[in-house]
Amino acid sequence: MKVSAAAVVLAFALVLENFADQSHGALQEGFYKGKCNVDVQKIVSDIITPLVGQKPWITPALLRMQFHDCFVNGCDASILLDGSSSEKTDIPNRRVRGYDVIDLVKAAIEKSCPGVVSCADVVVMATRDAVAASKGGWYSIQTGRRDGLVSLAKNVNLPGSSISVENSSATFNRKGISTEDMVHLLGGHTVGVTHCSFIKNRLYNFNNTGSTDLTMQTELAVFLKLRCPHTSTVDNTVDLDQGGSSLVVVGEPTSEIVDNSFYKQIVIRRGVLGIDQALALNKLTKDTVNEVAISSNDYFLTKFQQAMVKLGAVEVLTGTQGEIRKSCRVINKS
């Protein structure tokens, strides 16, 4: 079958057009260079770095915020939108903090470069700087995300703290994140806390047995029961990284530092959440956990940073999709 030269030229032109459309909408490092007369990332860093020094909870709060945002509609800042039935009203999101921090950063950027930088990018940049301020190292990120227009509580379907490794892996895989990267992302539990209500079942009635989860180190169980009495109505907090914080001390307290201590704890059965401990025991993930636990801290930081970049690219809006919100809490008025 003969194909005319004109047809070949047309087909080639269509390929180039399609490639151009894809390239135009891609995330890239330095996306805002030339679009703002200021260094956008420096504005973010100048706010976040001293704030983390004053309020270390900001780092785990922003890590959680980015994860909860990216795992619903993709990294589109939909979690930031206010509303009676928005994502932030759903039960898993009611403990998310840091909205005021994002507001502060967004306001500073809008003052210098209005209508250009998305809230979705602010979340990713602020999280990166918070990690760096918590000794997790600075890493390059891509920008160019746009903000979503929809935020509904009914769309929230996040993996819970007692999910199995197999189901957690499947959930991450559906988002394009490998099981290995899932293990590295859950290393974010090296900072921050959980509440007693999320672990009482492991302490007092694991799988309806009326006893403690036998995969938990005995000394840790004793310590946590003191922190979380069975009949207490106060929902105390517990560090997710138990390095140096209970009866059997392993190293110095590191619950405010992004490091590989979390992995060192779970390999000796000192994981607080069920999913955390399961990572060190399940055949799908234990080799990755052990590798991080015995390797240098720099090895973990590299793996964690790479996984965070991948998380930040989940189902993003780019190009002309979505919008650039003026306020992160509301969509723009048409």
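Biologist: Where is Ala278 found?
Modeller: In this predicted model, Ala278 is found in helix α11, which spans residues 274–279.

Biologist: And is Ala278 buried, exposed or partly exposed?
Modeller: Ala278 is partly exposed, because its relative accessible area is 22%, and the cut-off for a buried residue is under 20%.

Biologist: How far apart are the C-alpha atoms of Ala278 and Ser164?
Modeller: The C-alpha atoms of Ala278 and Ser164 are separated by 7.5 Å, although the two residues are 114 residues apart along the chain.

Biologist: What about Phe71 and Glu315, how far apart are they in sequence and in space?
Modeller: Phe71 and Glu315 are 244 residues apart in sequence, while their C-alpha atoms are 8.9 Å apart in space. Phe71 itself lies in the loop between α3 and α4, and with a relative accessibility of 4% this residue counts as buried.

Biologist: Switching to the pocket, how much space lies in the largest pocket?
Modeller: The largest pocket holds about 1200 Å³ of space. Its lining is made by 40 residues, and those that lie nearest the centre are Arg64, His68, His189, Val193 and Leu240.

Biologist: Which elements give two or more residues to that lining?
Modeller: Those elements are α3 (58–70), α6, β1 (193–195) and α13 (297–311), and the largest share, 7 residues, comes from α3.

Biologist: How does the lining of the largest pocket split by class?
Modeller: The lining of the largest pocket has 23 nonpolar residues, 12 polar residues and 5 charged residues.

Biologist: OK, salt bridges now. How many are there in the whole structure?
Modeller: A search of the whole structure gives 11 salt bridges. One of them is formed by Lys42 and Asp46, whose closest N and O atoms are 2.7 Å apart.

Biologist: Where do Lys42 and Asp46 lie?
Modeller: Both Lys42 and Asp46 lie in helix α2, which covers residues 40–54, and the two are 4 residues apart, about one turn of the helix. Lys42 is partly exposed, at a relative accessible area of 47%, and Asp46 also counts as partly exposed, with 46% relative accessibility.

Biologist: What about Arg329, which side chain does it meet in a salt bridge?
Modeller: The side chain of Arg329 meets that of Asp82, with an N to O distance of 3.4 Å. Arg329 lies in the segment after α13 and Asp82 in the loop between α3 and α4 (99–112), so this pair ties together parts that are 247 residues apart in sequence.

Biologist: Which residues do salt bridges that share partners join into one network?
Modeller: That network joins Asp82, Lys88, Asp103 and Arg329.

Biologist: Now the backbone. What is the phi of Asn207?
Modeller: The phi of Asn207 is near 50°, which is a positive value in a residue other than glycine. Asn207 is found in the loop between α8 and α9, and at 60% relative accessibility this residue counts as exposed.

Biologist: Last one, the surface: which residues make the nonpolar patch?
Modeller: Leu149, Val150 and Ile331 make a nonpolar surface patch of about 250 Å². Of these, Val150 is found in the loop between α5 (119–136) and α6 (165–174), and is partly exposed, with a relative accessible area of 42%.

Definitions and conventions:
Residues numbered from 1 in each chain as written. Predicted model: local features only at pLDDT ≥ 70, side-chain atom pairs only at ≥ 80, totals over all residues. Heavy atoms only, no water. Patch = residues over 30% accessible without salt bridge, like charges linked within 9 Å, V, L, I, M, F, W, Y side chains within 5 Å. Areas by Shrake-Rupley, 256 points an atom, 1.4 Å probe, with all protein chains shown as cover. Salt bridge = Lys/Arg side-chain N within 4 Å of Asp/Glu carboxyl O. Buried < 20%, exposed > 50% of the residue type's maximum accessible area, 1.4 Å probe, protein only. 1 Å grid on protein atoms, 1.4 Å probe; cavity = no way out; pocket = protein on both sides within 12 Å on 5 of 7 lines; lining within 4 Å. Points joined across faces, edges and corners; volume = space filled by probe spheres on them. Nonpolar A, V, L, I, M, F, W, Y, C, P; charged D, E, K, R; others polar.
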